[in-house]
Amino acid sequence: MSNQPSTFAYPIPSDLNQQQAASGSSSAAQPQSRQAAEDARKDRTLAEFLLMLDEYEPLIPNEVTDYYLQKVGFECEDVRLKRLLSLAAQKFVSDIAADAYQHARIRTNAAGGRARANQPFLGPGSTKDRTRTTLTMEDLSAALAEYGINSRKPDFYL
């Protein structure tokens with residue numbers, strides 16, 4: 001027995017090529033080498049992504065992310081992980097806004113014939129008003145409902 005602790009590490013690409021050459025063309029080694037190559041590729045991709053997070057400044061400020069992470073009891077000193085969580089929150093909000101916009105466009109197009117027929121022709125500037133989309137609470141509620149979030153007001157107030 002050796003005194004060195006055993007650690008599991010993914011092979012780097014040059015080691016992977018040597019392993020594939022040493023294993024020959026046996027069918028039993030082929031799936032393992034493919035799995036190892038896939039794992040190595042995923043690790044490289046993750047490492048590259050984490051390096052990109054060092055330079056990335058998310059739209060949600062770090063102080064806001066720190067406040068809410070502290071509020072829920074999450075303690076971490078790794079800035080990259082906090083930025084990753086901030087990026088995930090940014091994408092979530094962006095997806096909800098895009099879905100709400102789509103609901104508004106559908107609502108506008110569905111009521112477009114009736115709404116435009118009731119409006120008088122105001123001149124050349126009126127085409128700008130026709131293309132303007134207004135997001136309503138109904139649009140936002142419909143988009144949030146797709147994500148399982150209830151945004152209705154209570155039926156009564158205390």
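Guide: The account below begins with the whole chain and then turns to a single part and its surroundings. The model is predicted, so local features are reported where pLDDT is at least 70 and side-chain atom pairs where it is 80 or more, whereas totals for chains, interfaces and linings use all residues. Residues are numbered from 1 along each chain as its sequence is written, and side-chain values use heavy atoms, with hydrogens and water left out.

The protein chain contains 7 helices and 0 strands; here helices are DSSP runs of H or I with at least four residues, strands are runs of E with at least two, and both are numbered from the N terminus. Along the sequence, the pattern reads α-α-α-α-α-α-α. The chain has 158 residues, of which 16% count as buried. Buried means under 20% relative accessible area, exposed means over 50%, and partly exposed lies in between, with a 1.4 Å probe and protein chains only. The accessible surface of the chain is about 12800 Å², and carbon and sulfur atoms account for 57% of that surface; such areas come from the Shrake-Rupley method with a 1.4 Å probe, and for residues only the protein chains shown count as cover. A contact means heavy atoms within 4.5 Å. Among contacts between residues at least 6 apart in sequence, 73% join residues at least 24 apart.

Not counting residues up to four places away in sequence, Gln90 touches Tyr56, Pro58, Leu59 and Ile60. Gln102 is also found in α4, but its relative accessible area of 44% makes Gln102 partly exposed. The C-alpha atom of Gln102 is 9.9 Å from that of Thr133, 31 residues apart along the chain.

Axes are lines fitted to C-alpha atoms, for helices over the stretch in contact, and angles run from 0 to 180 degrees between N-to-C directions. Helix α3, residues 62–71, packs against α4 at an angle of about 95°, with the axes 10 Å apart. The two helices are therefore roughly perpendicular, a label for 65 to 115 degrees; under 35 counts as roughly parallel, over 145 as roughly antiparallel, and the rest as oblique. Asn62, Thr65, Asp66 and Leu69 of α3 meet Lys82, Arg83, Leu85 and Ser86 of α4. By class, this contact has 2 nonpolar, 3 polar and 3 charged residues. In that scheme Ala, Val, Leu, Ile, Met, Phe, Trp, Tyr, Cys and Pro are nonpolar, Asp, Glu, Lys and Arg are charged, and the others, Gly among them, are polar.

A further neighbour is helix α7. In α7, residues 137–146, Asp139, Ala143 and Leu144 are buried. Viewed down the axis of α7, its buried residues fall within an arc of 130°, so they line one face; the arc is that of the directions from the helix axis to the C-beta atoms. The cover over these buried residues includes α4, while Glu138 and Ala145, on the other side of α7, are exposed.

Leu144 has a relative accessibility of 12% and so counts as buried. Setting aside neighbours within four places in sequence, Leu144 contacts Ile96, Ile149 and Ser151. The C-alpha atoms of Leu144 and Ala100, 44 residues apart along the chain, are separated by 8.1 Å. Ala142, also in α7, is partly exposed at 28% relative accessibility. Between the C-alpha atoms of Ala142 and Asp99 the separation is 8.5 Å.
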